[in-house]
Amino acid sequence: MSLLIRGGTVVTHEQSFRADVYCVDGKIAAIGENLDVPADAEVVDAGGQLLMPGGIDPHTHMQLPFMGTVAKDDFESGTAAGLAGGTTSIIDFVIPAPQQSLLEAYHQWRGWAEKSVADYSFHVAITWWDDSVREEMGELVSKYGVNSFKHFMAYKNAIMATDDILVESFSRCLELGAIPTVHAENGELVYHLQQQILAKGITGPEGHPQSRPPVVEGEASNRAISIANTLGAPIYLVHVSAEESVDAIRYAQNNGQHVFGECLAGHLVLDDSVYQDSDWGRAAAHVMSPPFRPKGHQDALWKGLQAGTLHTTATDHCAFCSEQKAAGKDDFTKIPNGTAGVEERLSVLWQKGVNSGKLTPNEFVAITSTNTAKIFNVFPQKGAIAVGSDADLVVWDPAGTKTLSADTHMSNIDFNIFEGMQVTGIPTTTVANGKVAWQEGELKAKAGDGQYFNRPAYASYYDALKKRNELAAPAAVKRG
Ligand SMILES: [Zn+2]
């Protein structure tokens, strides 16, 4: 099983050069010009286009049971949509119900994901706490390749992790060599504002952003970062959407703290005017948390990416169709939260980031693939074009054009938040595990072709953090 991708310009997070790439049994076997390959190798002619590491989306929710329904894109349609957009791996979330065993939930999600057409891995959410949770976190790290745990600081009366849970869990993460991640919104304030806004008679989607203003995210970001700082743990903030959070991350980084930030393609390009749409369905289709922000915040996110304050881009792909959104017809707090995007992320970032001159193609690779692989400890297996790396690649036509639309996307829903956006820069062939998985609009990979990938604990990195904590511990005061 071998594949030669010929005539492309390889673009990695650090350099660009002309080379052919030869893949054998799912791995990159050789990189160079005039490679000596067997006569029966399959050939993809890149025709002078770019060849980049396949995208890794570190934040998706396929088939998620949430707010009384289940997300429409399952692991098969969702990962297929990813391949159609040049994304070859996702890191999804196992979200145990409160009191549910973490391992039981993990196995449930693994079962659902078996039909994936592209590779996947899982963060596991900490939604409650007792000694069994502490134990099972250890087992997930040592036996199941999980090195990140997610904490929802929002969703009171459901899956919210309160401060006592954050402290316990972040400490446990540090012991295990796992990274804590947070959805930073103050759940108490959201709950309070929701009741206040409903009491004023505001029931439409415009109430959604009013109940979750940027300050609510900024407070939680600062709190999570401060807790991590006190414990000496690193921290990763998912879907940073507000300038307040970017400021909090930058401040902590400037003070020597290990803080990582992710932002979403949607938050980079859309603003909160979407909630003023006179069409209820269109406004409701944009309901996700955190919400789209007032104008100005998008600019802060771009600058965060450019400066390296923010490291990764994702989508929070969690697709609900109009029928599902209608559950909140009379009460915006009941509109299932979520939007799609796994298929559009790379093209949107190329169009708005690279074509505008904000990002170089190498920086594009860093924020769509390599940084995620590094932070979640799968580099250079993924996120790289190097001998021995997984052969997950995208042939990218920087001159190819497309209009993004629900009429043509592969996702299972009837709405596209990027509807009508013209992009220049599109995938032409996506290679996953050394095979052509998608080409010119045609899905070639099949259900079950995707494989689970392990993410090992961070040994040496954490040793350094622990050492720093020991040094920082206050010395005993000697008296008289
Ligand atoms: Zn999410």
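1. A residue counts as buried when its relative accessible area is under 20%, and by that cut-off His286, with a relative accessible area of 7%, is buried in this predicted model. His286 sits in the loop that joins helix H10 (280-285) to helix H11 (297-307). Leaving aside residues up to four places away in sequence, the neighbours that His286 touches are Leu270, Val274, Tyr275, Phe292, Thr339, Phe415 and Ile417.

2. The zinc site deserves a careful look, and the coordinating atoms are NE2 of His59, NE2 of His61 and OD of Asp316, at 2.1 to 2.3 Å from the ion. Along the chain these donors follow the spacing H-x1-H-x254-D. His61 belongs to the loop between strand E6 (55-60) and strand E7 (65-66), whereas Asp316 belongs to the loop between strand E15 (312-314) and helix H12 (322-325), so the pair ties together parts that are 255 residues apart in sequence. His61 is buried, with a relative accessible area of 5%, and Asp316 is buried as well, with a value of 8%.

3. The sheet to examine next is an open one of eight strands, in the order E6-E9-E10-E11-E12-E13-E14-E15, and its pairing is parallel. Strands E6 and E15 stand at its edges, and because each has a single partner strand, one side of each is left without a neighbour in the sheet. From one strand to the next, the twist averages 30°.

4. For Asp92, the bridge partner in E10 is Phe122. Helix H1 (residues 75-84) lies across both E9 and E10, and runs at about 145° to E9.

5. How do the axes of helix H4 and helix H15 cross, and at what angle? The axes of H4 (residues 163-176) and H15 (residues 459-472) come within 9 Å and cross at roughly 120°, which means that H4 is oblique to H15. From H4, the contact is made by Cys173, Leu174 and Glu175, while H15 contributes Tyr462, Leu465, Lys466 and Asn469. By class, the residues of this contact divide into four nonpolar, one polar and two charged.

6. Asn454 is placed in the loop that runs between strand E19 (442-443) and H15, and is partly exposed, with a relative accessible area of 43%. Apart from residues up to four places away in sequence, Asn454 touches Tyr144, Gly145 and Val378. Asn454 and Ser121 are 333 residues apart in sequence, yet their C-alpha atoms are 6.8 Å apart in space.

7. Asp131 is found in helix H3 (residues 131-144), where this residue is exposed, with a relative accessible area of 57%. Asp131 and Leu237 are separated by 106 residues in sequence and by 25 Å in space, C-alpha to C-alpha.

Methods. Residues are numbered from 1 along each chain as its sequence is written. This is a predicted model: local features need pLDDT of at least 70, side-chain atom pairs count only at pLDDT 80 or more; totals for chains, interfaces and linings use all residues. Side-chain values use heavy atoms; hydrogens and water are left out. Axes are lines fitted to C-alpha atoms, for helices over the stretch in contact, and angles run from 0 to 180 degrees between N-to-C directions. Helices (H or I, at least four residues) and strands (E, at least two) are DSSP runs, numbered from the N terminus. Angles under 35 degrees count as roughly parallel, over 145 as roughly antiparallel, 65 to 115 as roughly perpendicular and the rest as oblique. Contact means heavy atoms within 4.5 Å. Ala, Val, Leu, Ile, Met, Phe, Trp, Tyr, Cys and Pro count as nonpolar, Asp, Glu, Lys and Arg as charged, and the others, Gly among them, as polar. Donors are N, O and S atoms within 2.8 Å of the metal (3.2 Å for Na, K and Ca); water is not among the atoms, so sites may look incomplete. Buried means under 20% relative accessible area, exposed over 50%, partly exposed in between (1.4 Å probe, protein chains only). Two strands pair if DSSP finds at least two bridges between them.
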